[in-house]
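Here are my notes on the salt bridges. Please read them with the model open.

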Amino acid sequence: MVSRKVAVLAFTLSFAAWALPSPAQSDSQLHINQIQVIGSHNSYHAGIAPNEMKIWLAKNPDAFKGLDYQHQPLTQQLDSGVRQIELDIYADSQGGKYAHPNGPHMVEAAGLPPDPPFDPDHVMDKPGFKVMHMQDIDYRSNCEPFTACLKEVRQWSHAHPRHIPVFILVETKEGKPRPGVQMTVPEPFTESTFDALDAEIRSVFPASELITPDDVRGHYETLNQAVLAGNWPALAHARGKVIFLMDQRPVGPIYLAGHPSLRGRVLFTNAEPGEPDAAFIERNDGPAADITALVKKGYLIRTRTDADTKEARTNDTARRDQMFATGAQILSTDYPVNEPARWPGNFVVTLPGKVAARANPVNAPAALEGKPLR
């Protein structure tokens, strides 16, 4: 009797294994808008130096709370399963614009010992896009400059050639500081600045390692038409590649100038649904129903599961769980699996099984919904 039960169990397990799609089958059936991944917010963020932190805690402790997080190097984040990174960039066409931030001068004026130098190799003196959160205030990065961050991602990608595609969200930083605030005035992003940005990306990643708007548009007149028709590449085609996304919506028209529907461009703009360039849309704060409706139409959506350390401090998981259920393909957090919050409860954001991705619970084929992907 026992042997018969064992035989039945063995048959059941073998049948289940046969019935489930193989990884190769999953890759061919899923498109890249039919997966769900975890991303890190401000992935470069190394945190504020100790003595500068003391000053900001004394000056404005409430504002400092939102900056009180830091990330491991990009390689370690990718190793842990993060598949979207965010890089905030400042244009620095001549070099040296951000080489002398106010932070160290504040520390000296306060009579505190100097913090470790933030740029011992004088990278900031050279032309090129720089990576940081806020000039003069929150400027330390775990990779610098922008091209060095990209090279780190590419090196990791080559070491893991079958990885789930890595989404790289780029936030362009510009605009004048508030009146009375002494901060470096950033360079504006112009058409030529964006040409230089595309050139820097292409100097690191060849076309064979990128998925661009041209790849998605295919034979359709507009990118939006292609997306609504389900023309995103299959996961089988996208493995081992990277996809660049633009965070700031106001600069989209400048990036689009001379490139209708993003022809010839590298990044996907953060567009309004229905616009010719619409493929990627941010809905960082929901609402949940809106996100789900956009996912079902075919758009790629990025949202946030937490912000400004608020959820992490109380281990409030309501927003996190709601965003998971929306089907948003990119779920951004300050606390990915290898970096749980230090407060009670240890708030963390990870997919079931701590895998790098799963088939989307909203728009993947029914047989694959929620299936873990590696």
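Arg-319 and Glu-311: buried or exposed?

1. Arg-319 is buried, and Glu-311 is buried too. Buried stands for under 20% relative accessible area, exposed for over 50%, and partly exposed for values in between (1.4 Å probe, protein chains only). The two side chains form a salt bridge, at 3.5 Å from N to O. A salt bridge here is a side-chain nitrogen of Lys or Arg within 4 Å of a carboxyl oxygen of Asp or Glu.

2. On the source: the model is predicted, so local features need pLDDT of at least 70 and side-chain atom pairs pLDDT 80 or more, while totals for chains, interfaces and linings use all residues. Residues are numbered from 1 along each chain as its sequence is written, and side-chain values use heavy atoms, without hydrogens and water.

3. The structure has 18 salt bridges. One of them joins Asp-198 to Arg-265, with the closest N and O atoms 3.1 Å apart. This pair links distant parts of the chain, 67 residues apart. Asp-198 sits in helix α8 (residues 191-204). Arg-265 lies in the loop between α12 (252-256) and β6 (280-282). Helices (H or I, at least four residues) and strands (E, at least two) are DSSP runs, numbered from the N terminus. Both Asp-198 and Arg-265 are buried.

4. Glu-282 and Arg-302 also pair through their side chains, at 3.7 Å from N to O. Glu-282 is in strand β6 and Arg-302 in strand β7 (residues 300-304), 20 residues apart. Glu-282 counts as buried because its relative accessibility is 10%. Arg-302 is buried, with a relative accessible area of 2%.

5. Asp-27, Arg-162 and Arg-239 are connected in a network of salt bridges.
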